[in-house]
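Q: I have the sequence and the model open side by side. Can we go through it piece by piece?

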Amino acid sequence: MNPAKTDLAEQITSSDRRALARAITLIESTRAEHREQAEALLQELLPNTGQSIRIGITGVPGVGKSTFIEAFGLHAIEMGKRVAVLAIDPSSPRTGGSILGDKTRMEELGRHKNAYIRPTPSGGTLGGVARRTREAMLACEAAGFDVIIVETVGVGQSETTVAEMVDMFLLLLVPGGGDELQGIKKGIVELADLIIVNKADGDLEKAAERARREYANALGLLRPSSPEWPPEVTKCSALNRDGIGAVWATIERYREIMAKSGGIGRRRAEQAKAWMWNEVSDTLMNRLRTDPKVRRRVGELEEKVASGVQTPGKAAQELLTLFLSGS
C-alpha cells in the first residue's frame with residue numbers, strides 16, 4: 001500500500017482540515033492515476049464512515065439556501081455537532097470552476113472551527129451534483145463531521161440524484177402570491193422528507209403560514225418516500241434564525257425513527273448499490289469515448305445520424321461492436 005496515502009488517511013481521521021481538503025481535491029480529479037489513489041484512500045477511510053446524518057438541501061433560486069444553511073449549521077454547532085457543507089456551485093463555462101462562492105455567502109459559518117465548507121463546481125452534472133460528491137461525503141465523515149449537508153444549485157431535472165445520496169432530503173420554499181404549488185415539480189415534492197417554508201418574517205409571515213398549510217394539505221395526497229416517515233412541513237426565518245431549532249428537532253426525530261426502524265440502513269444499502277452501478281456506467285462510457293477504434297468512427301456515424309441516413313440505434317450498435325471487439 002502507498003505509505004503516503006496511509007499518512008493522508010491518518011491525518012484525515014485525526015481531523016486535519018488541510019488533509020481533508022487535499023483528499024477531496026484528489027477525489028475530484030479526473031486523472032486516471034489520481035482515481036486509483038482516491039479509491040485506495042477511500043478504502044482506508046471506509047471503517048471510519050457512516051456515523052453522520054447526511055442531509056440534502058434544494059430549493060428554487062432566491063429561496064435563501066445559503067442563509068438557511070448558515071443559520072442551521074451554526075445551530076447544529078451549538079448542539080455540539082461538527083458540520084461539513086458540500087456546496088455544489090454552477091460551473092463557469094470558461095474555467096469549469098465554481099462561480100457563486102459559497103464561503104463568501106456563509107461567512108460566519110465558514111469562520112467557525114467546527115465547520116467545513118467546500119464549494120464544488122457542478123461540472124454540468126444533471127441536478128447540480130458533482131459526480132464525486134458521494135465520495136467527498138465519506139471523507140468528511142472520516143474526518144469526524146457529524147452533519148454533512150449537500151447544497152445543490154436549485155430545483156432541476158435530476159434532484160433525485162441528491163435524494164439518492166443522503167439520509168434526509170429537505171426542500172426549501174419561499175412564500176409567494178397565488179398558487180403556492182406553481183412552478184414546483186410534483187416529483188421533487190414527493191422526494192422531500194421535510195418541506196421548509198423560509199422567509200417567514202415581516203410582511204411574508206402570514207403568506208408563509210398559508211403556504212405551510214397548502215403544502216401540508218398537498219402532501220396528504222402523495223405517497224411518502226419512506227413508510228416510517230410521513231413528510232412534514234414547517235416554516236422558519238433563516239435571516240432572523242427563527243424556527244431553526246424546530247427544524248433541527250424534526251431532523252433529530254426523523255433520525256431516531258428511521259434508525260430504530262432500520263430505514264436509514266436500508267436506504268444507505270440501496271444507495272451504495274446504485275452508486276456501484278453508476279460507477280460501472282460512467283466508467284464504461286468514458287472508456288468507450290476514448291477507445292481509438294470508436295474515435296476513428298464516431299465522427300462519421302454522428303454525421304450519418306444527424307443527416308438521417310442511419311438510425312441512432314444502428315449507429316450505437318456499431319460503436320458498441322467496435323468497442324467490445326477489442327475488450
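Q: Which residues of α7 are buried?
A: This is a predicted model. In it, the buried residues of α7 are T133, R134, E135, A136, M137, L138, A139, C140, E141 and A142.

Q: What follows α7?
A: G144 comes after the helix, and its phi is positive, near 95°.

Q: Which residues other than glycine have a positive phi?
A: S15 is one of them, with a phi of about 65°. R241 is another, with phi near 60°.

Q: Where do S15 and R241 lie?
A: S15 is in the loop between α1 (3-13) and α2 (17-28). R241 is in the loop between β7 (232-235) and α11 (244-261). S15 counts as partly exposed because its relative accessibility is 32%. R241 is partly exposed too, with a relative accessible area of 39%.

Q: Back to C140. How many disulfides does the structure have?
A: Zero, from a search of the whole structure. C140 is buried at 0% relative accessible area. C236 is also buried, at 2%.

Q: And how many salt bridges?
A: The search of the whole structure finds 21. Side chains of opposite charge can pair when their charged atoms come close.

Q: Give me one within a helix. What does R111 pair with?
A: R111 forms a salt bridge with E107, at 3.5 Å from N to O. They sit four residues apart in helix α6 (residues 107-111), so about one helical turn separates them.

Q: Is R111 buried or exposed?
A: R111 is exposed, with a relative accessible area of 61%.

Q: What about R253, which residue does it bridge to?
A: R253 bridges to E232, and their closest N and O atoms are 2.9 Å apart. This pair links distant parts of the chain, with R253 in helix α11 and E232 in strand β7, 21 residues apart. R253 is partly exposed at 35% relative accessibility, and E232 is partly exposed at 26%.

Q: Which residue does R297 meet in a salt bridge?
A: E318, at 1.9 Å from N to O. R297 is in helix α13 (residues 292-307) and E318 is in helix α14 (residues 312-325), so the pair ties together parts that are 21 residues apart in sequence. E318 is partly exposed, with a relative accessible area of 25%.

Q: Which residues do salt bridges with shared partners join into one network?
A: R35, E39, R132, E135 and E279. E135 is also one of the buried residues of α7.

Q: Changing topic to β7. Do β6 and β7 pair in the parallel or antiparallel sense?
A: Parallel, over four bridges, with β6 covering residues 194-197. V197 has K235 as its bridge partner in β7. Between the two strands the chain passes through helix α10 (residues 205-219), and this β-α-β crossover is right-handed.

Q: Where is D193?
A: D193 is in the loop between α9 (186-191) and β6. D193 counts as buried because its relative accessibility is 1%.

Q: What does the side chain of D193 make a polar contact with?
A: The side chain of R267, at 3.3 Å.

Q: Leaving aside neighbours within four places in sequence, which residues is D193 in contact with?
A: With those neighbours set aside, D193 is in contact with D167, M168, F169, S225, S226, W229, P231, E232, Y254 and R267. E232 is the residue that forms the salt bridge with R253.

Q: Last one, R118. Where does it lie?
A: R118 is in strand β3 (residues 115-121). Its relative accessible area is 13%, so R118 is buried.

Q: What does the side chain of R118 reach or make a polar contact with?
A: The R118 side chain reaches the backbone oxygen of A21 at 3.4 Å. It also makes a polar contact with the side chain of E28, at 3.2 Å.

Q: Which residues is R118 in contact with, leaving aside neighbours within four places in sequence?
A: With those neighbours left out, R118 is in contact with A21, I24, T25, E28, V85, L86 and A87.

Notes: Residues are numbered from 1 along each chain as its sequence is written. This is a predicted model: local features need pLDDT of at least 70, side-chain atom pairs count only at pLDDT 80 or more; totals for chains, interfaces and linings use all residues. Side-chain values use heavy atoms; hydrogens and water are left out. Buried means under 20% relative accessible area, exposed over 50%, partly exposed in between (1.4 Å probe, protein chains only). A disulfide is a pair of cysteine sulfur atoms within 2.5 Å. A salt bridge is a side-chain nitrogen of Lys or Arg within 4 Å of a carboxyl oxygen of Asp or Glu. Two strands pair if DSSP finds at least two bridges between them. A crossover is right-handed if, with the strands pointing away from the viewer, the path from the first strand over the helix to the second runs clockwise. A polar contact is a pair of N or O atoms within 3.5 Å; within protein, one must be able to donate a hydrogen and the other to accept it, and residues adjacent in sequence count only if both atoms are side-chain atoms. Contact means heavy atoms within 4.5 Å.
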